[in-house]
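Please keep the sequence and the 3D view at hand while reading.

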Amino acid sequence: MIHLTDREFQELVDFIRTNFGINLSKKRLLIEARLFSVLAEKNVSSFTEYFNLIRGNSKELITMMNRLTTNHTYFMREPRHFEYLKNVILPELTENRRDKCLRIWSAGCSTGEEAYTAVMVMREWFGLQSGWDYRLLATDISTRVLESAKHGVYSAESLRDLPAGWRSRYFHTQDGQTYLLSDEIKKEVIFRSLNLMNPFPFHRPFDLIFCRNVMIYFDQETKNKLIQKFYDILKPGGYLLIGHSETVQRDVVPFQYIEPSIYQRG
Ligand SMILES: C[S@@+](CC[C@H](N)C(=O)[O-])C[C@H]1O[C@@H](n2cnc3c(N)ncnc32)[C@H](O)[C@@H]1O
């Protein structure tokens, strides 16, 4: 096992915090463990040598971030949000809406379960009402999770909290271990690679943004800046849903608090 020196560790922590917002200052062992096999593959003998290799090499940088991000997620995670989507957000956003188009973003989507759960909720809610466009944009910095999201193959464990009817309607399984998501749900989500630290490349505002369990790895200043960017890109009346263990500092960003982890732009 190759160990990080104190200087290398600090250099990497600063680099990742500056470029990706993620604070790994208490994750020394995690970094060493997750990058160990990459160093072996690259045949380098120290982290300094490895940093020289990734500097200015975007492909290697992506490989490193694919290893260092934490991507745990599952269908119907934090179900209160999906209940609120069905009972409050959708009725409110669709009332008197002429363009019949909702703009929804899953920011930090990991392997896609959050975005796909939202599509299932919306399919059920819209039912036979025709003509609505509610495709979701789902983004992440890890290209590995985005590829997996596009494939739409999941473990039984990941589907555990979904209603049984949705499991049988929207998935196909041969062995009861791995489940393939149907194309009718997959085609409603557009996956893109996006670093939330960069300026947002959008021209039109969103009605609803999910950014759940992403900012837990960011320091307060980074969170505040990102939440302000979300505020600016939401339509008036639009919603931000964050993880249940996260909060918005309302003295910094003028979101209206609805209930824990649910905020609205006034
Ligand atoms: C724990 S997952 C959360 C997935 C899902 N939102 C949920 O709540 O289940 C966090 C995701 O945030 C992504 N992420 C972390 N920093 C990011 C950044 N700067 N830009 C874009 N995505 C980021 C990670 O790659 C990871 O897939």
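The model is predicted, and the values given here are computed from it. The ligand sits in the largest pocket, and there are 20 residues around it.

- An oxygen atom of the ligand lies 2.6 Å from an N or O atom in the side chain of Thr 73, while an oxygen atom of the ligand is 2.9 Å from an N or O atom in the side chain of Asn 71.
- With Phe 20 the backbone is involved, as a polar backbone atom of Phe 20 is 2.9 Å from a nitrogen atom of the ligand.
- On its own the ligand has 610 Å² of accessible area, and the protein covers 99% of that area.

**Aromatic pairs**

- The structure holds 22 aromatic pairs, and one of them is the tilted pair of Tyr 50 and Phe 51, with 6.4 Å centre to centre and 50° between the planes.
- Tyr 50 and Phe 51 are both buried.
- Trp 105 and Phe 202 form an edge-to-face pair, in which the distance is 4.9 Å centre to centre and the angle between the planes is 70°.

Notes. Residues numbered from 1 in each chain as written. Predicted model: local features only at pLDDT ≥ 70, side-chain atom pairs only at ≥ 80, totals over all residues. Heavy atoms only, no water. Near = heavy atom within 4 Å. Polar contact = N/O pair within 3.5 Å; in protein donor to acceptor, adjacent residues only side chain to side chain. Areas by Shrake-Rupley, 256 points an atom, 1.4 Å probe, with all protein chains shown as cover. 1 Å grid on protein atoms, 1.4 Å probe; cavity = no way out; pocket = protein on both sides within 12 Å on 5 of 7 lines; lining within 4 Å. Sits in = over half its atoms within 2 Å of the grid points. Phe/Tyr/Trp six-rings, centres within 6.5 Å; stacked < 30°, edge-to-face > 60°. Buried < 20%, exposed > 50% of the residue type's maximum accessible area, 1.4 Å probe, protein only.
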